Amino acid sequence: METTSNCPLCSYPIDPTDISVKCNHCGNVNEHHNVMFQCGFCQTDLEKVVCPNCHKEFTGMLLLGSYTYKLKGIEPFNIPPVDNNDAALFLRKITGEEEFEFRWDKKPKSMMIYELIYSPSGKSYAKGMLLTVSIDLWEHLLGSGEFSTLEGYLKKYVIGSISIEYDNSSPINVNAQPLQL
Ligand SMILES: [Zn+2]
Ligand SMILES: [Zn+2]
């Protein structure tokens, strides 16, 4: 059986039953490997695979199955220069049942909206970053002193980008992609 999936980072087509995987435990390369199986040399679980196209590492299981989320499971918050009032009006149109696919081995918990246009008659959109932590935890972390700059926190907790758009004649469209800063 031939199955084709895509690299979650660059969309390059990859067959999850026929991929080269280097074992981090014994160092051998498993050729024509099925991501479901263990290392053929030392029988260790092979968790990470490397995309032959973009050469980035990700969890092999991401090549199997689908990862669908609903907006109601993602807590939204906005940062300047996004206007609080515009954000409230924008979010009022969203029911929470809107779904999006996001293939990554960590679950998004919140989205930090950094750009937003609300237009009652035209096109409205929001752009944000997906974080692995809730809003409460994010605010707590920012005060923890773990990093001296915001960039440090973003590098650790941002896992994706998200955009939401709609206008009066079209339904709400949500797109998300993995992002490593
Ligand atoms: Zn091995
Ligand atoms: Zn790739």
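How many nonpolar, polar and charged residues does the lining of the largest pocket have? I counted by class and found 7 nonpolar, 3 polar and 2 charged residues, where Ala, Val, Leu, Ile, Met, Phe, Trp, Tyr, Cys and Pro count as nonpolar, Asp, Glu, Lys and Arg as charged, and the others, Gly among them, as polar.

I note that this is a predicted model, in which local features need pLDDT of at least 70 and side-chain atom pairs pLDDT 80 or more, while totals for chains, interfaces and linings use all residues. Residues are numbered from 1 along each chain as its sequence is written, chains are lettered from A and ligands numbered from 1 in written order, and side-chain values use heavy atoms, without hydrogens and water.

Entry on the zinc site. I looked up the protein donors (N, O and S atoms within 2.8 Å of the metal, or 3.2 Å for Na, K and Ca) of the zinc ion (ligand 2) and found the SG atoms of Cys7, Cys10, Cys51 and Cys54, lying 2.3 Å from it. The arrangement is tetrahedral because the 4 donor atoms subtend angles of 106 to 113°; the criterion for four donors is that all angles lie between 85 and 135 degrees. I read the sequence spacing of the donor residues as C-x2-C-x40-C-x2-C.

I found Cys7 buried at 1% relative accessibility, whereas Cys10 is partly exposed at 29% and Cys54 is partly exposed at 26%. Buried means under 20% relative accessible area, exposed over 50%, and partly exposed in between, with a 1.4 Å probe and protein chains only.

Entry on disulfides. I found 0 disulfides, a disulfide being a pair of cysteine sulfur atoms within 2.5 Å.

Key. Tetrahedral: all angles 85-135°; square planar, octahedral: opposite > 155°, others 65-115°.
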